[in-house]
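Hi,

Here is the structure I promised to pass on. Have a look at it first, and my notes follow below.

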Amino acid sequence: MPRVIVLGSGTPFPDTRRWGSSFLVQIGGEWLMFDCGPATTYKMYQAGFKATEVDHLFFTHHHSDNDADYPCFLLTRFDMSIGKENELKVYGPELTEQLTERIMGKDTGAYWHDIVARTNHPLSLYAYESRGGTPPRKPPKIHARDVTPGTVATGKHWEISSARVEHVQPYLDSLAYRIDSDEGSIVFSGDTRPCEALTELASGADLLVMECIRLHDDMADPESAPGKYETSTIGAGQTAADARVKKMLLVHQNHNLDQPEQHTKAIREVGSRYSGTTIWADELMEVPWG
């Protein structure tokens with residue numbers, strides 16, 4: 001069965017318990033990553049995984065709490081490579097290609113100087129050879145692609161499709177992703193308000209990884225900004241119920257929801273709409289599958 005590891009499960013608010021968004025998924029021996037928020041690379045190693053194990057990265061959108069660690073991940077993956085890894089493929093809404101080029105692009109990328117030094121200086125070449133690399137050391141090849149709703153990518157054992165969800169358009173586009181495989185189906189909502197496109201994408205999924213940022217009372221006013229652009233406890237539960245998903249993982253929680261009283265109320269509100277299995281995400285946890 002698939003493995004789902006929570007690396008980041010919070011919001012832009014920095015907190016020692018949760019911060020930013022990032023998830024690892026293993027299907028058929030391949031590791032995929034969804035979003036790369038603050039400290040993702042560090043938390044990946046805390047959880048016992050290496051940047052070089054990930055060959056596919058999917059961005060839901062380009063808020064900083066979803067992509068701020070992208071430079072660190074790219075540079076770590078390159079620095080720890082021995083030249084035999086698969087070339088990284090990166091997918092996301094508009095700005096994915098631009099962001100990648102601005103980080104690692106030849107001559108113009110913000111970190112191109114680091115690539116030049118590590119592919120030429122004797123000290124870096126020594127470290128590369130000591131890990132098993134064979135000179136010459138080549139710059140990394142990153143295949144970044146802006147994607148739109150529809151089929152996004154396929155692997156040996158999986159296919160990933162996307163739908164446009166509703167968050168902060170027109171400033172940033174936002175996508176939800178669905179993984180379909182013989183081992184199961186998983187949907188990542190990304191950041192969004194409840195919307196028909198997400199419900200359709202998640203229909204019948206084995207697992208829905210769903211934003212749940214605040215209690216219903218904190219978002220009850222439909223004309224407020226949170227009420228218009230994010231998902232509450234009630235909204236998360238209703239989405240899962242409407243999509244008939246088998247299990248839901250609640251993520252992107254506001255830090256206040258970790259307080260015992262608020263946490264209890266949040267679970268109760270979700271349960272008032274959705275009777276399936278609900279899991280409260282904590283960072284570095286592996287999601288129970290069965």
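A quick definition to start: on a 1 Å grid over the protein atoms alone, a pocket is an open set of points where a 1.4 Å probe fits, with protein on both sides within 12 Å along at least five of seven lines, and lining residues have an atom within 4 Å of a point. Bear in mind that this is a predicted model, where local features need pLDDT of at least 70, side-chain atom pairs count only at pLDDT 80 or more, and totals for chains, interfaces and linings use all residues. Residues are numbered from 1 along each chain as its sequence is written, and side-chain values use heavy atoms, with hydrogens and water left out.

Now the pockets. The second largest pocket has 16 lining residues, and nearest its centre are Pro12, His167, Ile213, Glu230 and His252. Helix H8 (residues 225-229) contributes the most to that lining, with 3 residues. Helices here are DSSP runs of H or I with at least four residues, strands are runs of E with at least two, and both are numbered from the N terminus.

As for the largest pocket, it holds about 570 Å³ of space, a volume being the space filled by probe spheres set on the grid points, which are joined across faces, edges and corners. Its lining counts 25 residues, with Glu87, Lys138, Pro139, Pro140 and Lys141 closest to the centre. Helix H3 (70-79) and helix H4 (96-104) each give at least two residues to this lining.

Next, helix H9 (residues 233-243). It is largely enclosed by the rest of the structure, because 8 of its 11 residues are buried (under 20% relative accessible area, with a 1.4 Å probe and protein chains only). Among those buried are Thr233, Ile234 and Gly235. Just after H9, Arg244 has a positive phi of about 60°.

Finally, the aromatic rings. There are 8 aromatic pairs, where rings of Phe, Tyr and Trp (its six-membered ring) pair if their centres lie within 6.5 Å; planes under 30 degrees apart are stacked, over 60 edge-to-face, and the rest tilted. Phe23 and Phe188 form a tilted pair, because their planes are at 45°, with the centres 5.5 Å apart. Phe23 sits in strand S2 (residues 21-27) and Phe188 in strand S10 (residues 184-188), 165 residues apart. Both Phe23 and Phe188 are buried. Phe58 and Tyr177 pair edge-to-face, 5.6 Å centre to centre with 65° between the planes. Ring pairs join Phe23, Phe34, Phe58, Tyr91, Tyr177 and Phe188 into a cluster.

Cheers

Definitions and conventions. Buried < 20%, exposed > 50% of the residue type's maximum accessible area, 1.4 Å probe, protein only.
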